[in-house]
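This briefing sets out selected features of one structure, grouped by topic. Please read it alongside the sequence and the coordinates.

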Amino acid sequence: PSLLVLSCTWRFARFRSLETGWRIQGAMFTRRLTVNVENHTLDRCTFMFSGEHFAAGGWKSQYLEKIGEHATLEFESKEFLQGLSGYVYFSSVDHTQMMTLAFSCPITTAACFTARCGTAIPNCQGLLDRVPDLARPGSGLRREAGCAWETQDLQDEHVVVRLIILPPDGHALPEELGRRLAKARWCRSTLTDGEPSEAVPRVTLVERRLIIEIDNRTEQNLVLDGEFFETGSWSHKANVLMRGGVTKLEFSSDEVFRGLSGLVWYVSESSLDTYFSMVFSNPLATNASFNAWAGPPPAELLQEMWSAPELSGRGVQVPDGHGCAWNVLESGAIIHIKVAILEEIISMDPLSYPPKPVEEQKSASAGYPSAASTAPKEPVQPVLSESTSIVVAKSEEDDPASSAVDKLLSSTRPRDFFDGLGSGLKVAGAGILAGTATLFAAPVISAKEDGVSGFFSGLATGVCGAVGLTLGGVVAGTTQVVRGAYNTPEAIQMAQEGKRWDTDLGVWVDDCCNLREEAAQAEKEEAEEELADKEADGEDGRPARKVADTSFYDIIGVKPNATPADIKKNYYKAALKLHPDKNQNDPEASKKFQQLAQAYQVLSDPKLRERYDNIGAEAMGDQAMPNIDPSLFFSMLFGAEQFEKYIGKLYLAMQTDHIAKDLQKDFDRHQAAQGSDGLPRDVIGSSIEREMPWGSDKKDNQLKRQQFIREVSCATQLVQRLDRWAVGRNEDGWVHSVLQEAAELSRVSFGGRLLRTIGACYQNAAQQWLTCLRGNFTIDGQLQSWKESTHAAQVKVQAMTSVAKTAFAVKEMHDVAGAGMSELDQAKRDEAAKDALNSFEGSLPVFLQTIWDVSQLDIENTLMRVCDKVLKDISVPWQLRYRRAVALDRLGHLFEDAGQVELRDITQSSVAKQQLEEALYSAIKERT
């Protein structure tokens with residue numbers, strides 16, 4: 001007993017010492033920041049939360065939604081050795097004013113803080129990287145654009161800052177504040193929002209310099225539009241080449257082994273369609289090179305930098321078709337060139353890209369860029385994209401049974417060892433998508449025949465399909481590893497040559513696309529598909545006729561002779577407009593939404609519509625079980641109309657739509673053959689057995705065609721979104737519109753998750769493209785590639801885990817329902833049905849999470865293809881592709897920051913139930 005008491009006493013003392021240590025450690029590494037905001041803007045305009053990013057820590061409790069006349073922002077971090085670091089930004093209701101805070105409270109160094117307020121939002125990440133130290137309390141105000149602040153308390157664990165949002169210059173402030181502001185010091189930030197000051201010249205033994213004097217003889221000012229340095233940088237920068245004047249530019253590099261190499265370009269200030277582009281290099285060991293163009297830019301300016309001709313010192317050089325001339329005044333370690341931009345130069349013709357081959361250019365007009373021949377060509381017929389693993393290569397076998405195995409194993413030859421190793425996951429992902437599509441389509445059809453028990457059996461059938469196809473993927477992956485190892489040497493050689501692996505053809509191709517041609521092809525295929533659908537559904541339009549009641553037509557906004565396609569299109573637009581999530585302040589929103597859904601239930605069904613036209617609203621008297629429109633269901637579940645231009649129609653919706661239509665056709669065919677009372681019970685099973693082996697080749701091609709149209713449509717609309725920045729050069733207006741759109745998108749269903757997913761994809765694609773400009777095998781490029789590969793693997797594993805959880809939940813529901821349904825006592829049967837319903841509602845968060853995880857996999861794969869089309873589009877010159885990449889990266893940052901807040905927690909059963917009910921209610925179509 002004594003030893004037992006001693007042991008317990010020692011353990012208790014040990015626990016208390018550890019507890020005390022944890023408390024001390026928590027207090028030691030806790031960092032808090034309190035910002036007391038005073039709003040002195042005109043009319044005390046309200047600032048709404050617009051976005052955030054935390055490298056460490058976060059809000060102390062809940063994020064602050066708005067800033068009025070006074071507000072307190074509190075941030076906290078208890079992370080080990082990381083401290084608190086991040087930025088947040090707010091915007092006025094009309095998005096004309098932006099207020100940004102960047103701060104850092106590290107563990108070992110001084111606390112830092114800065115702020116900005118004005119019409120433009122700064123580079124927030126750059127602001128955070130260069131945030132200056134806070135001054136000590138009592139040292140007076142610090143100020144920057146539109147803001148002033150002072151330190152009220154500065155301790156290791158807690159910092160308190162007073163932030164003052166200033167009115168425009170010339171407007172009155174409180175007398176004391178005005179006097180203090182007049183004595184305020186400007187922020188000591190190393191980030192300069194305006195023109196950076198010139199650096200102090202560095203003395204070095206290895207230096208290469210380039211001096212260029214530019215004589216602009218045109219009638220327009222040319223403004224700096226972009227730059228890229230492989231090595232070196234500016235030493236004297238000029239943002240404008242004044243018309244009729246001479247401007248001096250200087251570049252230098254002190255790198256020991258690489259010298260100076262880069263390119264810059266200017267664009268006309270008013271018309272924005274006339275360029276002046278230069279490429280140059282002054283290496284240490286080889287000869288210098290230089291080239292320049294005025295007028296239309298060359299198609300591939302980066303390639304021109306790598307293949308620029310050696311610099312010649314023999315007199316004035318006037319290359320044909322370049323629009324400029326130059327003369328080398330000095331060569332060596334310091335090169336001095338004088339360039340004259342000729343008076344008569346032509347503007348850029350967007351339709352001249354991609355340029356014609358050299359032999360065709362000789363017979364064409366002189367307006368084409370001389371560097372055009374370096375651009376790779378894209379085949380006229382676009383290759384249908386395989387952006388989702390569920391689509392596999394075609395098989396030549398006609399037998400459906402043998403076709404299943406062949407299609408599962410007939411992935412195109414792997415690119416390399418790692419590609420072969422990943423084939424198993426790829427086919428497993430295909431099984432996940434197909435099985436999940438069946439999982440959500442089969443219950444609806446099954447419930448029509450057998451009610452609740454049919455619903456559960458349909459879920460079980462879909463789960464079995466997903467599990468079986470996943471196991472088949474393991475076999476396919478093992479086979480592909482050997483083939484991938486054999487192809488690895490060829491892959492290394494082709495990657496060095498800048499080629500891209502085409503997964504559809506199984507060959508190496510030029511890494512580019514012609515988005516203009518693909519858009520025309522997609523538009524043509526979409527028109528053909530719509531025509532085929534109309535012919536299949538008999539949508540030839542209806543002659544004008546009198547109907548008993550037009551109220552349902554009026555609710556949807558169509559005429560009584562509208563086609564089914566017009567009714568569906570208008571209902572979709574009206575449903576997005578009247579959705580309760582978008583009209584939270586309208587008490588009648590839910591009622592209007594129900595009336596709209598009721599009208600669509602009747603008009604979407606030919607038989608009900610015919611009865612409605614004849615007898616009016618009485619056609620609603622004997623409705624049967626509703627059928628679900630998968631397109632509308634997934635559209636309503638994942639956001640509003642604005643998201644469609646970014647992610648398109650989900651592949652899961654397309655797959656489910658095809659399966660549901662085929663199952664319904666089987667029902668109609670058996671019903672017509674045997675009558676409504678003689679419907680066989682194995683209709684669903686036989687139909688799904690045909691669907692699980694991937695369906696017919698015709699259906700696979702149709703799905704691939706729809707995916708191709710989806711990707712091209714999203715890419716075209718994304719280009720239009722980026723063009724205000726990339727082509728229009730209206731960066732401030734573009735940022736304001738993006739912030740306004742992001743604020744609206746964050747409030748819709750799954751808005752936060754979608755914004756974060758889209759933003760991360762955009763950033764990864766842009767950063768990968770920008771890092772590859774310096775080569776495919778640089779350290780930065782490999783790190784970015786590994787980062788993308790790791791994230792893609794995590795998303796696939798998460799999707800597989802969610803499907804497994806769904807299978808377990810379905811088994812539990814099936815067990816609960818089956819245990820009581822065999823009872824003869826009706827009361828026990830009712831109790832079992834109630835338990836099954838409760839089990840189903842409790843599993844709704846799992847189902848909803850599975851839908852999201854599978855859809856996220858599809859969205860990210862699609863966006864990867866979309867970004868490739870945007871950034872590798874040879875129908876525009878390289879300069880515009882570069883600006884697209886910069887704008888895409890900024891768009892991704894803004895979207896990801898705005899999506900940090902979730903308005904709904906889908907892990908709660910009530911929330912998940914509401915989400916699914918709203919989406920299902922929007923997508924139902926009643927059938928007789």
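Two strands are taken to pair if DSSP finds at least two bridges between them. The model described here is predicted.

- Strand E2 (residues 47-56) runs antiparallel to E6, and 8 bridges join the two.
- Within this pairing, His-53 has Tyr-87 of E6 as its bridge partner.
- E6 also pairs with strand E7 (residues 98-105), in the antiparallel sense and over 8 bridges.
- Val-88 stands opposite Leu-101 of E7.
- E6 and E7 form a hairpin with 5 residues between them, and His-95 in the turn has a positive phi of about 60°.

**Nonpolar cores**

- The largest nonpolar core contains 74 residues, of which Leu-263, Trp-734, Tyr-762, Trp-878, Leu-888 and Phe-895 touch the most other members.
- Helix H23 (residues 878-898) gives the most to this core, with 10 residues.
- A second, separate core of 31 residues includes Val-35, Phe-75, Phe-103 and Phe-113.
- Leaving aside residues up to four places away in sequence, Leu-888 touches Leu-718, Leu-722, Tyr-762, Ala-765, Ala-766, Cys-867 and Leu-871.

**Aromatic pairs and a cluster**

- Across the whole structure, a search finds 24 aromatic pairs.
- One of these joins Trp-265 and Trp-878: the ring centres are 5.8 Å apart and the planes lie at 75°, so the pair is edge-to-face.
- Trp-265 belongs to strand E18 (residues 260-268) and Trp-878 to helix H23, so this pair ties together parts that are 613 residues apart in sequence.
- Trp-265 and Trp-878 are both buried.
- Trp-725 and Trp-734 also form an edge-to-face pair, because their ring centres are 5.0 Å apart and their planes are at 80°.
- Trp-725 has 7% relative accessibility and therefore counts as buried; Trp-734, at 0% relative accessibility, also counts as buried.
- One aromatic cluster is formed by Phe-49, Phe-54, Trp-59, Tyr-63, Phe-75, Phe-90 and Phe-103.

**Helix H22**

- Helix H22 (residues 844-871) has 28 residues and, at 1.5 Å a residue, should span 40 Å; its end C-alpha atoms are 40 Å apart, which agrees with that expectation.
- H22 is mostly covered, with 23 of its 28 residues buried.

**Glu-610 in helix H12**

- Glu-610 lies in helix H12, which covers residues 606-615.
- With 34% relative accessibility, Glu-610 counts as partly exposed, since that class falls between the buried limit of under 20% and the exposed limit of over 50%.
- Glu-610 and Val-547 are 63 residues apart along the chain, and their C-alpha atoms are separated by 9.4 Å.

How values were computed: Residues numbered from 1 in each chain as written. Predicted model: local features only at pLDDT ≥ 70, side-chain atom pairs only at ≥ 80, totals over all residues. Heavy atoms only, no water. Helix = DSSP H or I, 4+ residues; strand = E, 2+ residues; numbered from the N terminus. Buried < 20%, exposed > 50% of the residue type's maximum accessible area, 1.4 Å probe, protein only. Core = buried A, V, L, I, M, F, W, Y, C linked by side-chain atoms within 4.5 Å. Contact = heavy atoms within 4.5 Å. Expected span 1.5 Å × (residues − 1). Phe/Tyr/Trp six-rings, centres within 6.5 Å; stacked < 30°, edge-to-face > 60°.
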